[in-house]
Amino acid sequence: FGGYTRCIKWRFGCGRNWHFFLLIFCLIHMVTGHIRYSIPEEMKKGSLIGNVAQDLGLNLKRLRLGRARIVTGDSIQYTELQTDKGILVVKERIDREQLCGDTTPCSFSFEVILENPMELHQITVEITDINDHSPTFKRKSINFEISEIASAGARFSLTSAEDPDVGVNGLREYFLTENDNFVLKQNSNADGKKYAEMVLQKLLDRETNPNLSLKLIAVDGGTPQRSGTVNIDITVLDANDNAPVFNQSVYKATVMENSPRDTYVTTVNASDADFGSNSIVTYYFSDLNSGLNDVFIINEKTGVISITGSIDYEKNKKYELRIEAKDQGGLTDSSKVIIEVTDVNDNAPIISVMSFTSPVSEDSPPGTTIGIINVKDLDSGDNGQVNCRIEQNAPFKIKSNLRNYYTLVTDTVLDRESVSEYNITVVATDAGIPPLSTKRTFHLKVSDVNDNAPVFSQSVYNTFIIENNSPGISVLTLGAKDPDENQNARISYILEKTNIGGAPVSEYVSVNAESGIVHAVRSFDYEQIKQLVFIVKAQDGGSPPLSNNVTVKLIVQDQNDNPPQVLYPVQTGGSLVAEMVPRSADVGYLVTKVVAVDVDSGQNAWLSYKLQKATDRALFEVGLQNGEIRTIRQVTDKDAVKQRLTVIVEDNGQPSRSATVIVNVAVADSFPEVLSDPVSEDSPPGTTIGIINVKDLDSGDNGQVNCRIEQNAPFKIKSNLRNYYTLVTDTVLDRESVSEYNITVVATDAGIPPLSTKRTFHLKVSDVNDNAPVFSQSVYSAFITENNSPGVSLLTVGAEDPDENQNARISYILEKTNIGGAPVSEYVSVNAESGVVYAVHSFDYEQIKQLVFVVKAQDGGSPPLSSNVTVTIMIQDQNDNPPQVLYPVQTGGSLVAEMVPRSADVGYLVTKVVAVDVDSGQNAWLSYKLQKATDRALFEVGLQNGEIRTIRQVTDKDAVKQRLTVIVEDNGQPSRSATVVVNVAVADSFPEVLSEFTELTHDKEYNDNLTFYLVLALAVVSFLFITCLVVIISVKIYRWRQSRILYHSNLPVIPYYPPRYSDTLGTGTLPHVYNYEVCRTTDSRKSDVKYMQPMSQSLVSVDGAGDIVPQVDKQLSGNFSQMSTLVTQLTIYLVPRFR
């Protein structure tokens, strides 16, 4: 059944027809078993395997009728069933090694099928092995190279032989041909395969037998026995048993320093008695870490040593090289090569600056050391001998003090103004051949000494200015030069104090301290002052300062600003007739002479006279140069009595100015015919202004004439003589109300009908200076920002005068007052004509905030009238001052500014930064910010109050030393700021602070003056303390003596206990306040001075006591307590500073 199952699998695997398979399945119960045959391999075709019919018990007919056949799944059918004989024969060659390989036993199976009925029989044929293969080696020969020094017992594996036969026919053993050196050792693997090893039994000797030839024979166990051979060729390798040997133990060579690369030095040689590669010698440096490989190189084959690096005698004067010779087997020999280096002059001297001072003061005496240099030459012998000199011609020399050290000193007196800088070239040259040299240039600056006073470019300055100039105008620029530099050459121009016409020169001119520009402080009047001579000092900024003076002559040039003034005829009201010309006057009759003057000078004062208007121009003429009025024809009766001549007097200025004068001429032989015109407004009532003659040719009543003034006017007419009437003023005249009158006189006769005649007189009222100027404002105010430019216009004052001509010409005058001890003219000036107020110099709000002065407006009348007005100049602040920190005081030496205990909580007040700004308004609004801090997370600064507080709990991890940088900034535009450094110690005790803050990097050079005053203060306070102590002790003794008297007198004793005094002088900047208490009583037998414990700054309660002790005693006790507190505080503050 098992065989049948196999058949099913095999049938299915071979892919037979399924119906045939089904038939076999249906007849499965007919299978009776299977047959097993065993045959050797390689049987010939047709050889009998077995009688199947007999073995299966079948007759030949059944085989034939049942169509018996073989079914196999292999591609090759090795057997054939002969149904006619019923035997199974070999059909194909059967090779067991091909069929099964190493598998044993080797067999194959197939089935015999019969039909009608179906029968299935399994037949298995086992193939047995025959010795048909000899052992074979895959290699034709085996080659070995074995050193002659190989030790006995050395194993050499041999290639295994292969025999495809199995069993006894397989490989059985190996044989090695006989020899004196090797034996064969056979081994088996775990799978039973055999292998052989060749073991060295006797040492080889290359010199005796350099080559060996052996054979390895492999035999199997078959019959007949088969074998295979392989040749073993052994080459005996030479052993390195001879070391190289140098022909010299020490080699010596000489080389010049700075020899070029690949320069030959020497050759080393070693020989080796070995053969072949063992006799090949290589050379190398034995010490690879010495750095000599960077200098020398050796040819490993030839032994030639050459230079590969830099040879410097100054670094190495001799080289010792260890050379090793090594053969291929690793045997070595060593030798030494000594190379001497010959020095050459290849190093220039080296100049090193030990000290050099630049700049050097120009007043340094000759021989002043300005530098120390060190000169070295690394060469030796003469090559290292150095000589130093200064290359160029300069006022210096070089001296040798010590070996290789030279001092550079001044040779003559220096003058910075001649040469301000020197390039001093020091040349160091050695004595080598050729010599080498080094140059080193020292740039020396000569610092300035204030040894030159400023020098003006001119010995005397002359300049001209036209009168009536604007105040603040630049007159000239003074220039002085100071050949010094920096502060010593910073020139300030100072106006020397002198008086001009009784007034300080500063009321006339000012000098800009920086630019030397001379400004006119006020407007000049040539008619008052024609020349200003003053001195200006140019002073440098040196210490002490040097100065030089120069004389400045300011010549005021005349301007045609004054019209001619008519002296005659005098122009006053009330005069009826100026001049009278008789009717008998002939040609050239001198009527009068106009006399005029001009206060100007030069051609501005040359006057010419012209007749501008005249009642009868054909009657009079005026002399052009002399002003004489003469008749130019015979006077006749037809000429009018009243002749009005207007003469113009003109000067020769550009533009010219003129004045007119009215000359009233009466052509008459007697006075009644004269009429005056104009009339002065100050004429009293009743002043005669005209005389008229009225005639009527009729007679009787018709010839009686009555005169009257037609209109309502302040005049009246009076009859003095027959037919003559006088026209007089009736009231006081006022030109400012009515300046002209047309007076119509009506003469009417007594006839019937009456006849009348009208005559109109044009009367002008001449001005009298009866009105003072009046300002448009009662008070003038103006604003100016500080730091203004000198000469800037501040405001304009204006006044009006209702008078006319000269009486209405207003001049503005600055009233003399003092502001801050200085005349007001040093601050402001007023243009006399325009009333413009100018600033004389730049104002500083922090010095003066307001200017109040008086300006007078004065007219040109005679006498002049004037009025005053107050002018207020408000100086506005400009943000030109940075904040100033008052506390903490930034002085060196204070180790600890503030202490913060480690127990300080959030919001603990550390200190308060106090600052002020001298500016005003928002320019003085200060804000505080923390700019830098050691720990920004620990402190904050109040923006408005500057209080520094903690913003978290202080811990032990916080550093003791805390440095805060607080910036104080104002609110100006642009803002200005100041910084203050606050040192804070986070500690609970003072010694802890000292240990940390001694490392603060502050200036160790304390201010000597401050130290002196502090020591002085300490001494004074100590003296006062000791004095008070002596006084108190004296009083105590006196009291004690008094108490003894009282004690012996049995009087009652009332004790007195003075109160405890709290600190009155503590500033709060020290951690504690120390107080002393002096306790004394009237009945005490001794005095007690008690040192109290530190008390807080809060108020201490006082115990009441009696008033028996005199007031002076209590005052002494209080003073003693306060002084003790002050001494204690000063001591605590000074101890850190003087440590």
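The chat below goes through some strands, a disulfide and several ring pairs in a predicted model.

Reader: What kind of model is this, and how are residues numbered?

Author: This is a predicted model, where local features need pLDDT of at least 70, side-chain atom pairs count only at pLDDT 80 or more, and totals for chains, interfaces and linings use all residues. Residues are numbered from 1 along each chain as its sequence is written, and side-chain values use heavy atoms, with hydrogens and water left out.

Reader: Start with a sheet. In what order do the strands of the open sheet come?

Author: The order is β33-β42-β41-β36, 4 strands with mixed pairing. Strands here are DSSP runs (E, at least two residues), numbered from the N terminus, and two of them pair if DSSP finds at least two bridges between them.

Reader: Which are the edge strands?

Author: β33 (460-466) and β36 (492-495), each of which pairs on one side only. From one strand to the next, the twist averages 30°.

Reader: How many bridges are there between β36 and β41?

Author: There are 4, and the two strands pair in the antiparallel sense. Leu-495 stands opposite Val-536 of β41.

Reader: Now Thr-463. Buried or exposed?

Author: Thr-463 is buried, because its relative accessible area is 10%. The cut-offs are under 20% for buried and over 50% for exposed, with partly exposed in between (1.4 Å probe, protein chains only). Thr-463 lies in strand β33. Leaving out residues up to four places away in sequence, Thr-463 touches Val-475, Leu-476, Lys-553, Leu-554 and Ile-555; contact means heavy atoms within 4.5 Å.

Reader: And where is Val-779?

Author: Val-779 is in strand β60 (residues 779-785). With a relative accessible area of 42%, Val-779 is partly exposed. Beyond four places in sequence, Val-779 touches Val-869 and Thr-870.

Reader: Different topic. What do β55 and β56 form?

Author: They form a hairpin with 2 residues between them, and Asn-723 in the turn has a positive phi of about 65°. The strands, β55 (residues 715-721) and β56 (residues 724-729), run antiparallel and are joined by 6 bridges. Phe-715 stands opposite Thr-729.

Reader: How many disulfides does the count come to?

Author: The count is 1, where a disulfide is a pair of cysteine sulfur atoms within 2.5 Å. Cys-100 is joined to Cys-106, with 1.8 Å from S to S. The link is right-handed, with 70° about the S-S bond.

Reader: Why does Cys-106 count as buried?

Author: Because its relative accessibility is 2%. Cys-100 counts as buried too, at 19%.

Reader: On to rings. How many aromatic pairs does the count come to?

Author: The count is 16 aromatic pairs. Rings of Phe, Tyr and Trp (its six-membered ring) pair if their centres lie within 6.5 Å; planes under 30 degrees apart count as stacked, over 60 as edge-to-face and the rest as tilted. One of them is Phe-296 with Tyr-319, edge-to-face, at 5.1 Å centre to centre and 80° between the planes. Phe-296 lies in β20 and Tyr-319 in β22, so the pair ties together parts that are 23 residues apart in sequence.

Reader: Which type of pair do Tyr-508 and Phe-524 form, stacked or edge-to-face?

Author: Stacked, at 6.5 Å centre to centre with 15° between the planes. Both Tyr-508 and Phe-524 are buried.

Reader: Which residue lies over the face of Tyr-313?

Author: Lys-317 does, at 5.0 Å from the ring centre. The rule asks for NZ of Lys or CZ of Arg within 6 Å of the ring centre and within 35 degrees of the ring normal. Lys-849 lies over the face of Tyr-845, at 4.9 Å.

Technical notes. Axes fitted to C-alpha atoms, helices over the stretch in contact; angles between N-to-C directions.
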